[in-house]
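Subject: Structure handover

Hello,

Here is the structure I said I would pass on. My notes on it follow below.

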Amino acid sequence: MTRVTAMTTHPVLAAVDDDSAPLTHHQLRELYTLMAAVRHLDTSAVAWQRQGIIPGYAPELGQEAAQVGSGYAVDRTRDFVFPTYREMGVARAMGLDMVGYMSTHKATWHGGMYNPLESRFAPIQAVVAGSVLHAVGWAHGQTLSGHAAGETGVAMTYFGDGASSQGDVHEAMNFAAVMKAPVVFFIQNNGWAISVPTERQVAGGSVAARAAGYGIPALQVDGNDVVAVFEATRSAFAHCRAGNGPVVIEAMTYRRGPHSTADDPGRYRTLDEERLDAGEDPLERFKQRLLAEGIADEAFFTEAQRKAEEEEEAIRTGIEDLGPRPGAEMFGLVFQEPTPALQSQATAWREESEHV
């Protein structure tokens with residue numbers, strides 16, 4: 001399996017002012033710090049599951065650059081992100097309360113305990129490709145709101161190469177293209193749709209190539225290069241914000257671990273195949289770049305790791321301290337006006353809980 005290492009485009013993005021100033025040294029160091037925090041929290045979350053702290057988790061080992069680079073480009077004053085169940089790195093790059101985010105993996109609260117409106121990060125979506133329709137709907141709402149060109153909010157929806165085969169993705173891309181909705185379709189092509197390799201379930205060679213059928217510009221970018229991902233996402237946002245319609249980004253990366261903590265990748269690929277296909281580790285790659293350019297030294301990386309470990313410990317403590325949620329909450333999440341039968345059940349539940 002060959003993973004791309006350079007960015008290619010399918011029709012070209014519109015020429016707009018995308019504030020394309022190079023990242024400062026401070027921003028580059030911040031990107032590394034975020035990647036280090038995400039890597040340590042991600043590997044720790046797998047250990048939490050083994051220890052019984054959380055019942056399940058979807059790791060993202062190897063996808064830190066794709067997630068941090070794209071999340072770092074979001075304008076949290078006006079944009080909105082629609083994630084799947086594997087966007088912990090995006091959440092961290094956007095500054096979410098990570099205890100609130102990780103609470104979903106403890107199964108105490110569906111979608112996380114963070115505030116979506118304040119964080120600009122929609123509830124976690126477990127339905128495969130389910131978030132694409134939500135993103136397009138929100139983006140079309142921005143168009144209907146009559147925002148001036150350059151001022152509109154942009155939606156970004158995440159999904160994988162496997163999810164790209166769902167019919168909802170076709171509907172979302174077609175509608176977005178027809179309506180010129182300001183939405184970025186961000187595909188993390190990590191090589192595997194659970195146990196099925198990309199080449200066995202993505203016709204046409206790439207997901208980005210499909211965009212041309214809808215007249216949507218597309219970028220295929222090295223998803224293990226955090227700076228390249230950030231720059232591609234920033235350009236896509238500028239294109240959408242200027243009123244030019246949607247953009248497809250396909251970040252070519254690799255899932256270095258299991259699909260989830262319930263998965264055994266040894267059943268469908270060998271360790272040698274994994275090492276060969278994964279390529280250079282995105283964190284180590286970025287570290288070597290910062291060292292070579294004199295932007296950071298070993299003391300910086302040591303401190304970044306220390307902070308990552310300290311952060312993970314605080315998040316783990318917060319997760320362990322979470323108590324059970326009141327069961328009656330479920331009744332308020334189903335209907336705006338509960339039926340008499342549900343009202344009766346809710347009352348009975350509350351009365352029973354009070355006597356426990």
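The mean pLDDT of the chain is 88, with 90% of residues at 70 or more. Confidence is lowest in strand 1 (residues 8–10), at a mean of 51, and highest in strand 2 (residues 80–82), at 98.

This is a predicted model, in which local features need pLDDT of at least 70 and side-chain atom pairs count only at pLDDT 80 or more, while totals for chains, interfaces and linings use all residues. Residues are numbered from 1 along each chain as its sequence is written, and side-chain values use heavy atoms, with hydrogens and water left out.

The chain has 12 helices and eight strands; these are DSSP runs numbered from the N terminus (helices H or I, at least four residues; strands E, at least two). Of its 356 residues, 52% are buried (under 20% relative accessible area; exposed is over 50%, partly exposed in between; 1.4 Å probe, protein chains only). Among contacts between residues at least 6 apart in sequence, 76% join residues at least 24 apart.

A129 sits in the loop between helix 5 (116–119) and helix 6 (130–144). Its phi is near 70°, a positive value in a residue other than glycine. A129 counts as buried because its relative accessibility is 4%. K180, in the loop between helix 7 and strand 4 (183–189), also has a positive phi, near 55°.

On the surface, F175, V178 and M179 form a nonpolar patch with about 270 Å² of accessible area together. Patch members have over 30% relative accessible area and no salt bridge; like charges are joined within 9 Å, nonpolar side chains (Val, Leu, Ile, Met, Phe, Trp, Tyr) within 5 Å. A salt bridge is a side-chain nitrogen of Lys or Arg within 4 Å of a carboxyl oxygen of Asp or Glu. Areas are Shrake-Rupley values with a 1.4 Å probe; for residues, only the protein chains shown count as cover. V178 lies in helix 7 (residues 167–179) and is exposed, at 58% relative accessible area.

Regards

How values were computed:
Contact = heavy atoms within 4.5 Å. pLDDT = per-residue confidence, 0-100.
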